[in-house]
Structure formats: structure tokens, C-alpha cells
Amino acid sequence: MQWKNISGIILIILVFTSASIFSINQYHYGVSDQTITIPYVKSFLDSNLYQDDYVLGQKIYYYTYFWDFCGWAVRLTGISIPLFFFLCYAVCVFFSFLAIYLIAKTLFQNRAAAFLSLFFLLFSHKTLAGSATLENLLLTKTAALPVLLFSIYFTLNRKHLVSGILLGLGFLIHPMSAVF
């Protein structure tokens with residue numbers, strides 16, 4: 001594939017990503033599950049915060065390593081938690097769109113069908129379980145989605161070792177998504 005084709009596809013996926021984040025599935029911060037996970041990240045950065053807090057006492061039973069990774073990355077980069085969450089969310093949405101494009105291109109061998117799949121993902125609504133395919137905030141399932149989609153893509157291309165590694169990584173991020 002030529003560089004011109006690749007850059008064009010990346011540009012189109014960036015347009016879909018921007019439309020999702022800023023318009024269709026507008027990004028949110030500090031709501032829903034993040035009312036628990038933001039203190040997890042803050043406590044990772046400063047262990048003196050929230051001492052004797054009952055919620056943080058439950059952290060050892062939490063099912064993911066993702067929030068510790070976020071705390072480590074915020075400490076390493078020195079950027080604020082809200083900015084890190086936004087950037088991480090944007091990267092997850094971009095790679096989710098890219099993975100869907102690649103899966104559709106592999107299945108249908110047609111660029112038009114692959115781009116149509118991006119359109120359908122952009123306007124996805126809540127599922128029967130009440131959660132959206134593309135959430136509007138950074139959650140563990142938002143972070144696991146592109147990893148697991150790429151696992152499917154590599155399975156379709158018979159690269160089972162890479163697929164298995166990504167599936168294991170997805171399990172460490174969000175086990176319930178990886179089980180499916």
C-alpha cells in the first residue's frame with residue numbers, strides 16, 4: 001500500500017475520531033465510574049491522599065491494572081490527570097476506528113464497506129445491556145476495545161500469537177470485555 005493511501009486513510013479516521021469526540025459522542029470527564037477511578041489514580045500519585053477512605057480500601061479487589069498504569073504514566077509524563085485522560089481517550093477512539101476499518105477491509109475486501117463500517121461505529125447507540133459501543137469517557141472497557149479489536153483483526157489474518165498476546169493484554173485491562 002502506498003504512503004498516499006495510508007495517509008489518506010489515517011486522515012479519514014482522524015476526521016471520524018474528531019467527530020466522535022467533539023460532536024457525536026462528546027467526551028466527558030469526572031462522571032460515572034471516574035468518580036471512583038480518578039481517586040485511584042490520585043492515590044497512586046500521592047499515597048497520603050484519601051487515607052482511611054473506604055472506597056480506596058476496595059482498590060485491591062478492583063479487576064484491572066489500567067488505573068495503576070494511568071497513575072504511572074501521569075507521574076512519568078508530568079501532565080495533568082484530565083489532560084492525560086483526554087489524550088488516552090482520543091488514542092483509544094482513534095485505534096478503535098482504525099481496527100474496525102482494518103477488520104471490515106479484511107472481511108469484505110472493499111474500501112467503501114470499510115468506510116461504511118466507520119460511519120456505523122460513529123453513530124452507534126446503546127446496546128441491549130445499556131452500554132455504548134463507543135463510550136463518551138475513559139473507562140477500562142474504552143481502553144480495552146481497540147486492543148481486543150486488533151486481537152480480532154490479527155486472528156482474521158492468522159497471526160494467532162499476536163492475537164493471543166493482545167487478548168491477554170485486553171484481559172488485564174477489562175476482563176469482562178476480553179472474555180467475549
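Start by selecting helix 5 and helix 7, which are roughly parallel to each other (angles under 35 degrees count as roughly parallel, over 145 as roughly antiparallel, 65 to 115 as roughly perpendicular and the rest as oblique). Helix 5 covers residues 81-108, and its axis comes within 8 Å of that of helix 7, crossing at roughly 20°. Here the axes are lines fitted to C-alpha atoms, for helices over the stretch in contact, with angles running from 0 to 180 degrees between N-to-C directions. Helices are DSSP runs of H or I, at least four residues long, and strands are runs of E, at least two long, all numbered from the N terminus.

A quick note on what you're looking at: this is a predicted model, where local features need pLDDT of at least 70, side-chain atom pairs count only at pLDDT 80 or more, and totals for chains, interfaces and linings use all residues. Residues are numbered from 1 along each chain as its sequence is written, and side-chain values use heavy atoms, with hydrogens and water left out.

Next, show the side chains between these two helices. On helix 5, pick residues including Tyr89, Phe95, Ile103 and Leu107; on helix 7, the residues they face include Pro146, Phe150 and Tyr153 (contact means heavy atoms within 4.5 Å). What kinds of residues make up this contact of helix 5 with helix 7? They divide into 17 nonpolar, three polar and no charged, where Ala, Val, Leu, Ile, Met, Phe, Trp, Tyr, Cys and Pro count as nonpolar, Asp, Glu, Lys and Arg as charged, and the others, Gly among them, as polar.

Color the contact residues, among them Ala144, Val147 and Phe154 in helix 7 and His160, Leu166 and Gly170 in helix 8. This contact of helix 7 with helix 8 has eleven nonpolar residues, six polar and no charged.

Now zoom out to everything. The protein has nine helices and zero strands. Its C-alpha atoms fill a box of roughly 55 × 35 × 35 Å, taken along the principal axes. Finally, color by burial: 39% of the 180 residues count as buried, meaning under 20% relative accessible area, with exposed over 50% and partly exposed in between (1.4 Å probe, protein chains only).
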